[in-house]
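Subject: Structure for you to look at

Dear colleague,

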Amino acid sequence: MVTLSLGARDAVARVVDPEMPMLTLDDLGVIRSVSEQDDGVTVTITPTYSGCPAIEEMRADITRALADAGYGPIEVRTVFSPAWSTDWISESGRRKLADAGVAPPGRATPRAAGPIPLTLDPPATVVRCPQCGSPATEELSRFGPTACTALRRCTACREPFEHMKEI
Amino acid sequence: MSADEDNAYQALAGTIDQDDPRWAFGSGFEDMEADLTAAVPDGADPAELAEYCLMLGDDALVYSHRLTEWVSHAPELEEEVALANIALDLLGQARVLLARAGHVEGKDRDEDDLAYWREVPAFRNVALAEPSDDLDFARAIARLLVFSTWRLALLHRLQDSADPVLAAVAAKGVKEVTYHRDHAARWTLRLGDGTAESHGRMQDALEWVWPFLGELFRTSDPERRLVAAGVAVDPAGLHDEVHEVIGQVLARATLTRPDIPEMGTIGGLGGRQGVHTEKLEHALDAMQSLARKHPGASW
């Protein structure tokens, strides 16, 4: 008999992301399920990227949080399917990103049938500067300090910033 | 503040549970058991499925190693971060594929055994992944353009695989490799349609990578049978799409499609059969040395 436990889920939901500490794992949308059985708690999470180096830290932090809340034994499983999307980041998560100076992702484009189109020109989507709000920003690099961010610069206030890229 | 907290290494060590030592070279996907132990699809031979997982896993593993050679050598810091990120995505794909191969073959080998303890003839990657680009940036971009265009076309089709692990790796990988291909394509434009110097070097780089293309579309016997079982993608069917996409990029970049014959096989055998260029041995020497020197090391 498997029952959802609000207590265990809450303990997991409050754990923060190791690379984006302004977000909880709940905000990030990586928690697939938390189930409490007679013999412990099983947590299922999904990595944001295949090689996400933070996944091991997430597992350790979840285990610690549940143990601190009195739960055990704890099993943390990783599943890849369905693949994580930035669309799973909560509204409060998007606000927290912006407050921390990271431009939140736009909506991921739904995948059309057929071959994936090549993007030779920078995408026309507007990314607003999280500092001054100007829409006049440019991409410096597709790949930022973490797997999930790109580097941009505001041409109005000249501040560089990170943008969580749509995936 | 105590002396321990003052020391970054001590503080870090203090957060690690002694019951949970970190394997220094990988970390194991035992926790993914539910995914990795999925039944072998009907009509697929387990040994051939394992071999197919090694093909796609070794492509990503060996090439990710070559990409990481750029760390501390890229022309600008942002590019170094980009190439390292791309390598990390591919390494992540390789880990799951190798772990799945290890499970399906049933010889009690995990991803680390397969990555660090196989010899050259047991690798199943294509030759494109093998050579060093000798830190020639145009070569790095030319190879990334070809590799990511080909892998994206492959993963896009593999999402419908009857094998749930292959389908999951593909669905995740498509999102990542789309970014890799765009990155390579934009650099190709910038270098090809840049100065006379950058144009000439990008053209030379294309000629360097071109002989490796032929092998990408050759179907091996295990692949042929796994295609029939709905598990694998037939690489021969990727040829037109890959050339179409590369053609679009070359046209915008004012580059010329090289007219160079493809690299031959040795008696019909190539990377998919374990017949490799000597460059693979050089890559494995570096990639495997630490794990072999310190077997089972953890920190």
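What follows is a short account of what was found in it.

Please keep in mind throughout that this is a predicted model.

I begin with the contact between the two chains, where 42 residues of chain B are in contact with 43 residues of chain A. The two chains bury about 3600 Å² between them, and 56% of that area lies on carbon and sulfur atoms. The count of salt bridges between chain B and chain A is 2, and in a salt bridge between side chains Arg186(B) meets Glu139(A) at 3.3 Å, taken from N to O.

The largest nonpolar core has 97 residues, of which Tyr52(B), Trp150(B), Leu158(B) and Leu166(B) touch the most other members. Helix α7 of chain B, residues 137–158, gives the most to this core, with 15 residues. A second, separate core holds 30 residues, among them Ala11(A), Val12(A), Ile31(A) and Val102(A). Returning to Tyr52(B), its contacts beyond four places in sequence include Leu154(B), Leu158(B), Leu166(B) and Glu223(B), as well as Val231(B) and Val233(B).

In chain A, strand β2 (residues 40–45) and strand β3 (residues 74–78) run parallel and are joined by 5 bridges, with Ile45(A) having Thr78(A) as its bridge partner. Together with helix α3 (residues 55–68), these two strands make a right-handed β-α-β unit. Chain A also has an open sheet of 4 strands in the order β4-β7-β6-β5, with mixed pairing, and its edge strands are β4 (102–103) and β5 (137–141). Strand β5(A) pairs with β6(A), residues 149–154, in the antiparallel sense over 4 bridges, and Thr137(A) has Cys154(A) as its bridge partner there.

A few points of backbone geometry deserve a look, given that most residues other than glycine have a negative phi, and most peptide bonds are trans. A cis peptide bond joins Gly72(A) and Pro73(A), with omega about -10°, and Pro73(A) is found in the loop between α3 and β3 of chain A. Another cis peptide bond joins Ser81(A) and Pro82(A), with omega about -5°, and Pro82(A) lies in the loop between β3 and α4 of chain A. In chain B, Asp134(B) has a positive phi near 55°, and Leu135(B) has a positive phi of about 55°. Asp134(B) counts as exposed because its relative accessibility is 57%, whereas Leu135(B), at 37%, counts as partly exposed.

With best wishes

Technical notes
Residues numbered from 1 in each chain as written. Chains lettered and ligands numbered in written order. Predicted model: local features only at pLDDT ≥ 70, side-chain atom pairs only at ≥ 80, totals over all residues. Heavy atoms only, no water. Pairing = 2+ DSSP bridges. Right-handed = clockwise from strand over helix to strand, strands pointing away. Core = buried A, V, L, I, M, F, W, Y, C linked by side-chain atoms within 4.5 Å. Buried < 20%, exposed > 50% of the residue type's maximum accessible area, 1.4 Å probe, protein only. Contact = heavy atoms within 4.5 Å. Buried area = accessible area lost by both parts, 1.4 Å probe. Salt bridge = Lys/Arg side-chain N within 4 Å of Asp/Glu carboxyl O.
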